Amino acid sequence: MQKYDLIIFNDQPHRILSLKDDCAIIINCDSLKMPYKINAELLVDCIKVDKFSKEFPEITSLSAQKQKIAHQRYTIIAPILPFVDDEYMRSKLISQVSITTNISKQTIRRYLCRYLAHQNI
């Protein structure tokens, strides 16, 4: 298994966000809750899949307004992305971004989880 692989773990689609030593950071692509750590050995028997059961449109096929919104949301979460595997820094940055953008932490977490799960703005 490699970083960004889409896998079936516990009968649910997950994406691998980080692999370090014996630890993996994964996100459930269905529930879209924050990423969590697991023992990397648990991934050995997982099934790798090539794509989601549901297709997502290419950003270029969206209207100009929807493209603008997608880019704005990505811009909001961009400072958090390098710290996805550091729970403390991720939480701290979500709070900071929430204050500076006047967007709730819950909404920022939702944008972040969607991006991490789908790897697409």
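**Briefing: sheet, helix and pocket**

Strand 2 and strand 3 (residues 23-28) run antiparallel and are joined by 6 bridges. Strands here are DSSP runs of E with at least two residues, and helices are runs of H or I with at least four residues, both numbered from the N terminus. Two strands pair if DSSP finds at least two bridges between them. This is a predicted model, where local features need pLDDT of at least 70, side-chain atom pairs count only at pLDDT 80 or more, and totals for chains, interfaces and linings use all residues. Residues are numbered from 1 along each chain as its sequence is written, and side-chain values use heavy atoms, with hydrogens and water left out.

**Confidence**
- The chain has an average pLDDT (the predictor's confidence in each residue, from 0 to 100) of 88, and 94% of the residues score at least 70.
- Helix 2 (residues 87-101) has the highest confidence, at 95, and strand 5 (residues 47-49) the lowest, at a mean of 88.

**Hairpins and bridge partners**
- Strand 1 (residues 6-9) pairs with strand 2 in the antiparallel sense over 4 bridges.
- Their hairpin has 2 residues between the strands, and Asn10 in the turn has a positive phi of about 55°.
- Across this pair, Leu6 stands opposite Arg15, and Ile8 stands opposite Pro13.
- Arg15 also has a bridge partner in strand 3, Ile27.
- The hairpin of strand 2 and strand 3 has 2 residues between the strands, with Asp21 at a positive phi near 50°.

**Second largest pocket**
- A pocket is an open set of points on a 1 Å grid over the protein atoms alone, where a 1.4 Å probe fits, with protein on both sides within 12 Å along at least five of seven lines; lining residues have an atom within 4 Å of a point.
- The second largest pocket holds about 240 Å³ of space, a volume being the space filled by probe spheres set on points joined across faces, edges and corners.
- Its lining has 15 residues, with Lys3, Tyr4, Leu17, Leu81 and Val84 nearest the centre.
- Strand 2 (12-20) gives the most to this lining, with 4 residues.
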